[in-house]
Amino acid sequence: MEAKQKLIKKPVPQSGIRQQRASSWREDCDQTEGPKPEPEIEEHRIDVIVEISDRVKNWIGSVGNAKERTPSQNPWPSIPKVPDQILRGTTPSVFKKFYEPRVISFGPYHHGKPHLQSMEKIKPLCAKEFLAASHQGIEDVYKKIESNIEAVRKCYDTYAMNEYDDETLAWMMLLDGCFILQFILFKGNIQVLREHQICFVQVDLFLLENQLPFGVLQLIFEGARVITMKDRIKEFINIGMSDGTSASEMPLEKPAHLLDLLRSAFLGSSRGGDKKMISKQQEQKAANNNNNNTHHCWRMMKEFLSFQCLFQMIRRLFGLSQDNNNQWKTFRHIRELKAAGIHFQPSGTGFLTDISFKSHFFYGYLKLPFLLIDDSTKPKFLNLVAYEMCPDAPEDYAVTSFLCFLDSLIDHPDDVKELRSKKILYNSLGSDEEVARIFNEITDGLVYLETYEKVKDDIQKHYDKRVNTWIAQALHDHFSSPWTIMAFIAAVFIIFLTGVQTYFAIPGN
């Protein structure tokens, strides 16, 4: 039976009719206007699945577990190596000359080097003599050091400690510590050492990578029954300082090592003194900023005055102008300051923080500490600067700031000559050119800090007063010697007599 298909015509809604008409109208338009443009191909983004490796996961975990650097929990401060930023650009010969010991090693960093082996044979003899003088047994001292060997390990670089076991490291600390204390006790006058060796040992004692923890030295000399090693250490560090520096004023509470103790001797009796100075300078700087805001409004009002140029000339003449950014730019060297009427005087001490300036009408006085310049000056200051650049070092940068300040004053041998004539620098090198070169090389590559900004600002204010410069220049040019002064007095006297003679020559007088 055949099935009959019935065509059922469904009603089309009005919206469908409109769509059909619109589509037929578009087709007619396309046929009349031209070929129909090809439809745009829809871009499809393909997501790439990246698998994170275990190494990247470790990196991500290190970021998540990152913590702020906290001070070491070790009871003794660390003894780092010379920072990389100091060594960058330094040749191996320069490093060996100023940062590596010449005759003797202390600690693990340079232990066992061939050129230092001759002094290793002297250490046992010095240990024997010191322990005998202090009435101590070598076994008791060794046990005290070995009981604190973990604290010793934490003071040094980890890679350097991997080469030594506990017994070897403890024995190294005992021999090195006894030699240092014996050398300090007799102020270097050890019979087995020759004169040139003594001089080199005095330099090697204050190298950054050649230090022993001061806690090790305390373990050795704290059992001494007769010897007062604390006073002897202060006296030894005080050698070479100025007459105004007393060994009793030197702090000996918890220094990190001998180099840190030398830094304290340079800075004075209070290690926080320089911090107080810095805080005072910061307060003064804030006060100056407030004053500058007030003066800024006053300057804006003056711009509308017709006599602005006259006011500006008067202000420049008497040094009344204020600069928002007083910098160490207008002058640098001692010769320029001297031409501006600034004279130099010794401060009376050897403390590097003892710097002050006082300004009077047309002259000023800059007081600087006494400083001895010899063959050990450059290695000592270079290692002190390297120590202040280390992460665990004091954050005041006191020695570095002083060196940068002094370098801004010294650029020519005549600058050194002026300071030497004022008893501020004592030059045992014999050449002013050499002293100027030393300070320029020490501060090469260092960032100039704002520790002495108040002193610089006071000098700048005095220097900006044109009257001071003119009077000082006139005094320097015409009254720099007794003969010019006598000639000036004679000229004034002759003019006075000429005036009197002229007066009485007039009829009626």
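User: What makes strand 2 and strand 3 (residues 364–368) count as joined?

Analyst: They run antiparallel, with 4 bridges between them. Two strands pair if DSSP finds at least two bridges between them, so 4 bridges qualify strands 2 and 3 as a pair. K358 stands opposite Y365 in strand 3. By the way, this is a predicted model, where local features need pLDDT of at least 70 and side-chain atom pairs count only at pLDDT 80 or more, while totals for chains, interfaces and linings use all residues. Residues are numbered from 1 along each chain as its sequence is written, and side-chain values use heavy atoms, leaving out hydrogens and water.

User: Why is one side of strand 1 (342–346) and of strand 2 (356–359) left without a neighbour in the sheet?

Analyst: The open sheet has 3 strands in the order 1-3-2, with mixed pairing. Strands 1 and 2 stand at its edges and each has a single partner strand, so one side of each stays without a neighbour there.

User: How do you know what span to expect for helix 10?

Analyst: The expected span is 1.5 Å times one less than the number of residues. For the 20 residues of helix 10 that's 28 Å, and the helix reaches 28 Å from its first C-alpha to its last, close to expectation. Just after helix 10, K187 takes a positive phi of about 55°.

Note on methods:
Helix = DSSP H or I, 4+ residues; strand = E, 2+ residues; numbered from the N terminus.
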